[in-house]
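Hi,

Here is the structure I promised to pass on. Have a look at it first, and then read my notes below.

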Amino acid sequence: MHKEEFVKMIEKELIHHISLESKNVHDPIIVHNIPTGWTCIGTGNYAAVFVHKSEHDFVVKVAAIDDQALKKEANVYRQLGDHQAYSRLIHQGPTYLVLKRLEGITLYDAVARGIRIPETVIQDINHALEYAIERDLNPYDVHGRNVMMKDGKGYVVDVSDFYKEGKDEKWNDLVKAYYKIYKKTLYKYPVPIPLKLLDFIRHSYRLYRRIKIM
Ligand SMILES: Nc1ncnc2c1ncn2[C@@H]1O[C@H](COP(=O)(O)OP(=O)(O)O)[C@@H](O)[C@H]1O
Ligand SMILES: [Mg+2]
């Protein structure tokens, strides 16, 4: 399918039908009324991501709340340029972006499903974040749902906050937890972890960080 054709289809079929609901700024948004042919492959705190059955290489990221943030994200991709560990901006629409699809699963899903995360994944992501810093970007909000893995390779799937200032410790904390806890436990004996427990850890982590900076 040509890009122009795909863009028309996105606006006619997808954007006009879906509705996105943000219940809580700290939790992923909820999607209603997905048209046939489209699948929601992921949600974040500000957007939902879709694929169409006839187009496997691209995803459509639709912003639920802030289309200013979408413009900033598009600019982050421009500043980032080409790198194997990142997606790429294909098209910028008014409330959505078309991005190159990354294969694989998020590290959050890997833990939830009991799939082992190899160390090479962590190393690839570390290199990708160093590359972003060389490009004058700030790797911000890098956590388990924003990084992916496939065949032992690591990818950064969400760069939407890389324009922000200030230090964000989430990725450093995740790396520490990987070597101090994960390598000694789940890495050796990968078992599925219930989503409820993962969400509990996610919420406790936020509380822990809040206490630590006070
Ligand atoms: N380019 C992509 N390729 C494949 N999956 C993606 C892509 N972008 C996003 N996703 C999926 O959608 C989810 C939400 O996207 P994300 O960019 O993190 O949204 P938000 O900015 O709201 O956090 C991700 O966790 C991931 O599972
Ligand atoms: Mg995200």
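Let's start with isoleucine 193, which is partly exposed because 16 other C-beta atoms lie within 10 Å. As for the cut-offs, a residue is buried if 20 or more other C-beta atoms lie within 10 Å of its own, exposed if 12 or fewer, and partly exposed in between, with C-beta atoms placed from the backbone.

Before going on, a word on the source: this is a predicted model, where local features need pLDDT of at least 70 and side-chain atom pairs count only at pLDDT 80 or more, while totals for chains, interfaces and linings use all residues. Residues are numbered from 1 along each chain as its sequence is written, and chains are lettered from A and ligands numbered from 1 in the order in which they are written.

Back to isoleucine 193: you'll find it in the loop between helix H5 (170-180) and helix H6 (195-213). (Helices, H or I with at least four residues, and strands, E with at least two, are DSSP runs numbered from the N terminus.) Which residues does isoleucine 193 contact, leaving aside neighbours within four places in sequence? They are Val111, Ala112 and Leu198, where contact means C-beta atoms, placed from the backbone, within 7 Å. Alanine 112 is 81 residues away from isoleucine 193 in sequence, yet their C-alpha atoms are 4.7 Å apart.

Now for ligand 1. Its surroundings hold 20 residues, the closest being Gly42, Gly44, Ala47, Val49 and Asp158; a residue counts as near if its C-beta atom, placed from the backbone, lies within 6 Å. Strand S3 (38-43) gives the most to this shell, with 3 residues. Both domains supply shell residues, so ligand 1 lies between them.

Lastly, look at asparagine 33, in the loop between strand S2 (30-32) and S3. Asparagine 33 has a positive phi of about 60 degrees although it is not a glycine, and it counts as exposed, with 9 C-beta neighbours inside 10 Å.

Cheers

Note on methods
Domain bounds come from an automatic or database domain assignment. Two residues are in contact if their C-beta atoms, placed from the backbone, lie within 7 Å.
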